[in-house]
Structures are given as structure tokens and as C-alpha cells.
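Visitor: I would like to learn how to read packed helices. Please show me the structure.

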Amino acid sequence: MCGAPANGSVGWRDPGWIHYGVMRNLNKGTRYYYKVGSDSGGWSDTHSFISRDGDSHETIAFLFGDLGTSTPYNTFLRTQEESKSTIKWILRDIESLGEKPAFISHIGDISYARGYSWLWDTFFTQIEPVASKVPYHVCIGNHEYDWPSQPWKPDWAQRIYGTDGGGECGVPYSLKFKMPGNSSFLTGARAPATQNLYYSFNAGAVHFLYMSTETDFLPGSDQYYFIKRDLENVDRRKTPFIVVQGHRPMYTTSNEVKDSPLRERMVEHLEPLFVKNKVNLALWGHVHRYERFCPMKNFTCGGTGLKGKDEALPVHVVIGMGGQDWQPIWEPRPDHPNDPIYPQPARSLYRGGEFGYTRLVATKKKLTLTYIGNHDGEPHDVVEIHASGEVLDSSDDGGSTNVQATFSWYTEVVGFLVLGAFVGYVIGFISRAKKTSTDCRAGWTAVKSDEP
């Protein structure tokens with residue numbers, strides 16, 4: 001790796017062997033059971049997953065950024081206690097799906113190991129209950145990659161790319177995950193090339209594109225032309241929706257000024273590709289809050305498409321509230337920078353500081369993104385994007401109020417049945433108690449009465 005503590009005596013631990021197991025020719029939408037290990041070293045528990053159904057027009061995904069992990073002891077770094085709740089609620093949702101396939105999308109700042117290798121092991125132990133059941137997709141963040149001598153560091157980015165990777169320079173990230181495609185970027189050091197940078201795939205009614213905000217995305221780069229070609233070749237008859245994901249946001253109203261030069265270049269060079277190719281949804285992490293914007297271009301809200309005449313513009317959503325508890329303040333009033341007054345610009349439709357994740361459910365007609373809060377596991381914000389171009393949110397008059405996904409309906413039905421059984425038991429118990437009391441009263445005489 002590229003520096004301390006990752007390659008030093010304190011942070012380094014021998015990671016052992018990393019194995020990739022490839023399963024081919026799987027039947028579509030079928031539950032498979034598996035275990036890993038060996039006779040000599042022992043076997044894991046038996047796990048199962050539902051294979052992706054290429055013929056299905058339904059998409060289910062759970063998406064967030066900046067999760068991290070939690071340790072039961074003090075360590076060199078602050079860990080992310082709330083990450084446990086995020087995984088708990090996602091596991092609930094996965095288990096309620098029945099035989100429907102789904103996947104998880106974790107858009108950067110994965111384990112927050114930052115050079116202390118045992119935190120990677122803790123992270124994988126923590127996500128095992130969900131990652132053993134559904135695919136776990138990732139893209140790279142600053143805490144997996146950044147180091148002072150990284151090869152792409154233009155003059156305007158000198159303050160952006162620093163030491164956040166703890167000397168890992170993308171090596172554990174590249175080897176511990178295996179994402180689609182073959183994207184890579186040379187480190188310029190003895191470390192192997194960084195992988196899993198940008199890729200895409202179809203899932204049901206949605207085309208998903210992942211990008212790297214830590215490596216070159218400007219015109220002339222391999223990544224820029226990958227993004228351009230990929231978006232231009234999406235078959236909207238098969239996948240009417242396009243969702244782009246990356247770590248550092250193109251838009252945010254947090255008071256995070258260090259990344260301003262990066263965001264300016266994303267707006268200048270990437271946003272025209274998003275608008276031209278009618279990207280429906282752009283999801284970002286890095287800012288440890290939830291924030292949803294209006295359909296937007298160059299900081300200006302477009303229409304919601306309700307009359308069928310508005311230009312289709314991307315809806316940007318920041319979803320970096322997975323577990324990291326360091327929170328930036330919102331951008332203060334320009335004329336009162338020291339006052340605790342943080343006006344919400346018109347382009348920002350919903351801002352929340354609660355930890356959680358988002359749940360995406362899509363058919364060929366409609367994509368619904370729901371923000372689930374960790375304190376109660378319930379929806380806190382909902383936006384619907386229709387294939388026709390209409391964008392509705394939970395505050396729209398006349399908009400859809402059906403914010404529960406199919407699996408939530410199942411959960412509610414099961415809960416209702418359990419509640420009904422409990423109420424029935426209580427009523428039966430009371431009735432039996434009254435009958436027993438009546439039978440007993442016939443055989444005894446009260447020796448004292450409290451009545452006057």
C-alpha cells in the first residue's frame with residue numbers, strides 16, 4: 001500500500017487469502033443455497049440468495065453511503081455506531097421480500113478502516129447478514145483511496161484529495177470486492193492499480209451507472225468516455241429509468257466548501273451528459289445527511305413534468321446518512337455567517353439529519369425512492385419518478401400517497417395478523433377468567449363487603 005498506518009506496524013495485519021467464487025448458468029429468479037469453507041478449515045453456516053431475474057420488470061434496491069462499522073471496544077479511530085441500525089432495518093426489509101431478488105448499493109466510504117486493517121474484518125462481519133443474501137454493490141470514496149501522491153490531482157484539487165485513505169490507496173477496496181467491468185487506474189506507486197471504479201448493469205426496469213469521483217472524470221479520460229458511451233446506449237424500452245451513483249455530490253446545501261471546485265467541474269462536464277441522456281436520478285454520498293433536490297439543471301429547478309411539457313431533468317439526492325456521525329452544518333445565511341440560521345434554498349425540497357437508508361422500487365411505469373429513518377424504520381420522505389417524466393413527492397397535492405413498497409405491504413399484513421391473534425388471545429383469556437370467576441363465586445360466601 002502507499003503509506004502509514006496501512007503499511008505500518010500499527011495498522012497492518014496479514015489479511016490472509018481472498019477467494020472469488022464464480023457461479024455460472026444460474027436459473028433466473030431461483031433460490032440457491034450455499035456455504036463456504038473446507039473440510040480442513042471448517043464450513044460456514046448455510047446461506048441462500050435469489051438469483052437475478054433478467055425477465056422481471058421489477059427492481060428492488062437498498063441504497064446509502066458512508067456506512068462504516070461499529071466495534072465493541074475503543075480503537076485508534078472513531079467508529080460508526082449507527083451503522084448497526086442501518087443494517088438491522090435493511091435486513092428486516094430483505095427478509096420480508098420472500099422470493100423477490102434485490103441488491104444493496106453502498107456508494108463510497110465503505111468501512112472507514114483508513115489504514116487499520118482489522119476494521120475491514122469487523123465491517124464484513126457486520127454486513128454478513130445482508131451481504132450473504134443479496135448482491136452488495138460499491139463504488140469508491142475518499143476514505144478508500146485518497147493519499148497525497150495519488151496520480152490524478154490537478155491544481156484545483158490540491159485541498160480536496162488528501163490523506164483520507166490512511167495509506168490504503170484503494171488496495172483493500174480493490175481486492176475485497178469484485179464489481180462488474182474491468183475499470184482500473186494506475187496508482188503511480190508499487191501498489192496495484194485501483195479497480196471497481198466505474199461500471200454499469202441493468203436490474204429490472206432500471207439501468208444503474210456507478211462512477212468514481214476520486215479519479216479522473218474530465219473529458220479525455222477513460223471514465224468520461226465510459227460514462228458518455230454508456231448513457232448514450234441505454235435501451236429505454238427495456239430499462240426506462242437511469243440511476244447514476246457516485247460518492248462526492250454534484251449538489252449539496254451543506255457548508256462543505258472544500259469540494260466546491262470539484263462540484264463546479266461535475267456540473268460543467270457531467271451534468272450535460274446527464275441532461276442530454278435524460279438521467280432520472282443521481283445519488284451521492286460524502287455529506288452525512290439526507291437531502292433531496294427538485295429536478296434540476298445548473299442550480300435551477302425545472303418543471304415536474306405534470307403537464308407533459310417540461311424538460312426531463314435529473315433528481316439529485318444525497319444519501320450519505322448510512323452511519324458516519326460527523327455532520328457538517330448546512331450553508332449559513334450569507335449575510336449572517338455566524339448565526340445559527342440555515343435557510344433552505346428552494347431547490348432543496350427535503351433535508352434530514354437522521355441516519356438511515358433509501359429503498360428503491362421500480363417497475364416500467366414508475367420508480368419510487370423512499371428515505372427510511374433509523375429511529376423508527378419508517379418512511380420519512382418519498383419521491384416518485386414516472387416513465388412519462390412526471391416527478392411527484394410526498395408533499396405534492398394530488399400526488400401519490402402510496403409510499404409503501406410491496407414488501408412493506410407484506411410486513412403490514414403479517415403484523416396485522418399477529419396483532420389480531422394477540423387481541424384474540426387477550427379477549428379469550430379475559431372471557432375464560434370471567435367464567436372461572438363466576439363458577440368460583442357460586443361455591444363461596446363473602447365474609448366482608450366494602451359496600452356501605
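Guide: Begin with a definition: a contact means heavy atoms within 4.5 Å. Keep in mind that this is a predicted model.

Visitor: Which residues in α1 meet residues in α2?

Guide: From α1, the residues are Ser83, Lys84, Ile87, Ile90, Leu91 and Ile94; in α2 they meet Gln126, Ile127, Pro129 and Val130. Sorted by class, this contact has seven nonpolar, two polar and one charged residues.

Visitor: How is a pair of packed helices described?

Guide: Two numbers are used: the angle between the axes and the distance between them. For helix α1 (residues 83-95) and helix α2 (residues 118-131), the angle is about 15 degrees and the axes are 9 Å apart. Angles under 35 degrees count as roughly parallel, so α1 and α2 are roughly parallel to each other. Their crossing is left-handed.

Visitor: At what angle do the axes of α5 and α6 cross?

Guide: At roughly 10 degrees, and the axes of α5 (residues 222-232) and α6 (residues 260-276) come within 10 Å. That makes α5 roughly parallel to α6. Tyr224, Ile227, Lys228, Leu231 and Glu232 in α5 meet His269, Leu270, Leu273, Phe274 and Lys276 in α6. The classes here are six nonpolar, one polar and three charged residues.

Visitor: Where does the pLDDT fall below 50?

Guide: As a general rule, coordinates with low pLDDT should not be read in detail. The protein chain averages a pLDDT of 87, and 85% of the residues score at least 70. Over residues 397-411, however, the pLDDT is below 50, although this stretch has 25 contacts in the model beyond near neighbours in sequence. Residues 429-452 also stay under 50, with zero contacts beyond four places in sequence.

Note on methods. Residues are numbered from 1 along each chain as its sequence is written. This is a predicted model: local features need pLDDT of at least 70, side-chain atom pairs count only at pLDDT 80 or more; totals for chains, interfaces and linings use all residues. Side-chain values use heavy atoms; hydrogens and water are left out. Axes are lines fitted to C-alpha atoms, for helices over the stretch in contact, and angles run from 0 to 180 degrees between N-to-C directions. Helices (H or I, at least four residues) and strands (E, at least two) are DSSP runs, numbered from the N terminus. Angles under 35 degrees count as roughly parallel, over 145 as roughly antiparallel, 65 to 115 as roughly perpendicular and the rest as oblique. Ala, Val, Leu, Ile, Met, Phe, Trp, Tyr, Cys and Pro count as nonpolar, Asp, Glu, Lys and Arg as charged, and the others, Gly among them, as polar. pLDDT is the predictor's confidence in each residue, from 0 to 100. A crossing is left-handed if the near helix is turned anticlockwise from the far one by less than a right angle, and right-handed if clockwise.
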